[in-house]
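Let us walk through this structure one element at a time. Keep the sequence at hand as you read.

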Amino acid sequence: MRVMAFDYGTKRIGIAVTDPLQMIANSLDTIHPLEIIDYLKKYLLTEQVERFVVGEPKQMDNTPSQSAPHVKGFVNLLKKTFPEIPIDMMDERFTSKMASAVILQSGINKKARQNKGLVDNISATILLQSWMERKAYL
């Protein structure tokens, strides 16, 4: 079964998912928050997901960031809609900066680099990869 990760934002949600053996994290999509539940319901009709991983926004001093209440609302919506799927929170500090660096190093053109959805997608993938690495050491 797969694990799915979310980089939540009020304008876009970056989504990443593992392969069924949970070896590789792959970018999946970027969805508007109002469309996420319908998107997930459709996705779950064809794929089995055993766990959600949600990026937890924190400031450098480890306190919740300004977007934390929005993420908490999203997590509550996931719990209400998909109560059978457990949710792990994962510190998302630096994922956007890391994603931007990956995009810059990839050599894609400037216009493509300005696509904020791409940053969200890659951020979710980095988040999921970090979760998988952490799980491997536990």
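Start with helix H1, where Ile 36, Ile 37, Leu 40 and Tyr 43 are buried. These residues cover an arc of only 125° around the axis, so they sit on the same side of H1. The buried residues of H1 pack against E1, E2, E3, E4 and H2. Bear in mind that this is a predicted model.

Next comes helix H2. This helix has 14 residues, 68–81. At 1.5 Å a residue, H2 should span 20 Å, and its end C-alpha atoms are 20 Å apart, which agrees. Which residues of H2 are buried? They are Ala 68, Val 71, Phe 74, Val 75 and Leu 78. Their arc around the axis is only 120°, so they lie on the same side of H2. Pro 69, Lys 72 and Lys 80 are exposed on the other side of H2.

Now look at the loop between E2 and E3. Gln 22 lies in this loop. Most residues other than glycine have a negative phi. Phi of Gln 22, however, is near 60°, a positive value. Gln 22 counts as buried because its relative accessibility is 16%, and buried means under 20%. Met 23 lies in the loop between E2 and strand E3 (25–31) as well. With 59% relative accessibility, Met 23 counts as exposed, since the cut-off is over 50%. Met 23 also belongs to a nonpolar surface patch with Leu 21 and Ile 24. Together the three have about 370 Å² of accessible area.

Finish with the charged pairs. How many salt bridges does a search of the whole structure find? It finds two.

One joins Arg 2 and Glu 47, with the closest N and O atoms 2.9 Å apart. Arg 2 is in strand E1 and Glu 47 is in the loop between H1 and E4, so the pair ties together parts 45 residues apart in sequence. Arg 2 is buried, at 15% relative accessible area. Glu 47 is partly exposed, at 27%.

Asp 88 and Arg 51 form a salt bridge too, their closest N and O atoms being 3.1 Å apart. This pair links strand E5, which holds Asp 88, to strand E4, which holds Arg 51; the two residues are 37 residues apart. Asp 88 is buried, with a relative accessible area of 18%. Arg 51 is partly exposed, at 24%.

Key: Residues numbered from 1 in each chain as written. Predicted model: local features only at pLDDT ≥ 70, side-chain atom pairs only at ≥ 80, totals over all residues. Heavy atoms only, no water. Helix = DSSP H or I, 4+ residues; strand = E, 2+ residues; numbered from the N terminus. Expected span 1.5 Å × (residues − 1). Buried < 20%, exposed > 50% of the residue type's maximum accessible area, 1.4 Å probe, protein only. Arc of directions from axis to C-beta. Patch = residues over 30% accessible without salt bridge, like charges linked within 9 Å, V, L, I, M, F, W, Y side chains within 5 Å. Areas by Shrake-Rupley, 256 points an atom, 1.4 Å probe, with all protein chains shown as cover. Salt bridge = Lys/Arg side-chain N within 4 Å of Asp/Glu carboxyl O. Contact = heavy atoms within 4.5 Å.
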